[in-house]
Amino acid sequence: MTLEAPSVSPTADPPPPAPPGRALELIFRVAGVVIAVLATVLTAALEIFLSPLRLGGVPIGVAVPAAVLANLALCWFAVTTVGRRWALAVPWALWTLIMFFAAGMRTTEGDYLISGEDWVALVMILVGSLTFAVYTYRLILKRPPVTKQ
């Protein structure tokens, strides 16, 4: 009695795609940092210009939730695109420097961009910086993913 060998199908599964090269990965990381820097400058300027916004002479404080939402988005974007936790430091440091310069810079008329009497701007700076700090703290508490190599 003879047994026939099972037939091998002629259409074998194609090999899995090769992982992207190190150069392509580096390009994406650098692009992620550059875009995060540009977005930080844009959102910081927007928050500064929203801080004196008033409705009927009463400050409405729209800059505070804008700072929270924009900074959360910046944190998520920087960490996600770069793939490293250190990427969070770039928009945080840049945003803080922009706020420090805005608080000490005068316009051509002699006014400050952020005055010491503008409580909305001061709360925006506090809450915006705390947003970065809380996101960083949550990243520290989260365990890094286990990867098989």
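In this predicted model, helices α3 and α4 pack at an angle of about 170°, with their axes 11 Å apart. Because angles over 145 degrees count as roughly antiparallel, α3 is described as roughly antiparallel to α4.

**Contact of α3 with α4**

- From α3, the residues Pro91, Trp92, Trp95 and Met99 take part in the contact.
- On the side of α4, they meet Met124, Ile125, Gly128, Ser129, Phe132, Ala133 and Thr136.
- By class, the residues of this contact comprise eight nonpolar, three polar and no charged.

**Aromatic pairs**

- The model has two aromatic pairs.
- Trp92 and Phe132 form a stacked pair, at 6.0 Å centre to centre and with 10° between the planes.
- Trp92 belongs to helix α3 and Phe132 to helix α4, so this pair ties together parts that are 40 residues apart in sequence.
- Trp92 is partly exposed, with a relative accessible area of 25%, whereas Phe132 is buried, at 0%.
- Trp95 and Phe132 have ring centres 5.9 Å apart and planes at 55°, so the pair counts as tilted.
- Trp95 lies in α3 and Phe132 in α4, so this pair joins parts that are 37 residues apart in sequence.
- Trp95 is buried, with a relative accessible area of 1%.
- Through these ring pairs, Trp92, Trp95 and Phe132 are linked into a cluster.

**Helix α4**

- Helix α4 covers residues 119-141, which is 23 residues.
- From its first C-alpha to its last, α4 reaches 32 Å, close to the 33 Å expected at 1.5 Å a residue.
- The buried residues of α4 are Val120, Ala121, Met124, Gly128, Thr131, Phe132, Tyr135 and Leu139.
- The elements that cover these buried residues include α1, β2 (58-59), α2 and α3 (89-104).
- An α-helix has 3.6 residues a turn, so residues three or four places apart point the same way.

**Contact of α1 with α2**

- The α1 side of the contact is formed by Phe28, Arg29, Gly32, Val33, Ile35, Ala36, Ala39, Thr40, Thr43, Glu47 and Leu50.
- The α2 side is formed by Ala63, Ala66, Ala67, Ala70, Asn71, Leu74, Phe77, Ala78, Thr81 and Val82.
- The residues of this contact divide into 14 nonpolar, five polar and two charged.

- Asn71 is located in helix α2 and is buried, with a relative accessible area of 0%.
- Leaving aside residues up to four places away in sequence, Asn71 touches Glu47, Trp95, Gly128, Thr131 and Phe132.
- Among these partners of Asn71 are Trp95 and Phe132, which form the tilted ring pair.
- Ser51 is found in the loop between α1 and β1 (54-55) and is buried, with a relative accessible area of 0%.
- With residues up to four places away in sequence not counted, Ser51 touches Ala63, Asp118, Val120 and Ala121.

Note on methods:
Residues numbered from 1 in each chain as written. Predicted model: local features only at pLDDT ≥ 70, side-chain atom pairs only at ≥ 80, totals over all residues. Heavy atoms only, no water. Contact = heavy atoms within 4.5 Å. Helix = DSSP H or I, 4+ residues; strand = E, 2+ residues; numbered from the N terminus. Nonpolar A, V, L, I, M, F, W, Y, C, P; charged D, E, K, R; others polar. Expected span 1.5 Å × (residues − 1). Buried < 20%, exposed > 50% of the residue type's maximum accessible area, 1.4 Å probe, protein only. Phe/Tyr/Trp six-rings, centres within 6.5 Å; stacked < 30°, edge-to-face > 60°. Axes fitted to C-alpha atoms, helices over the stretch in contact; angles between N-to-C directions. Parallel < 35°, antiparallel > 145°, perpendicular 65-115°, else oblique.
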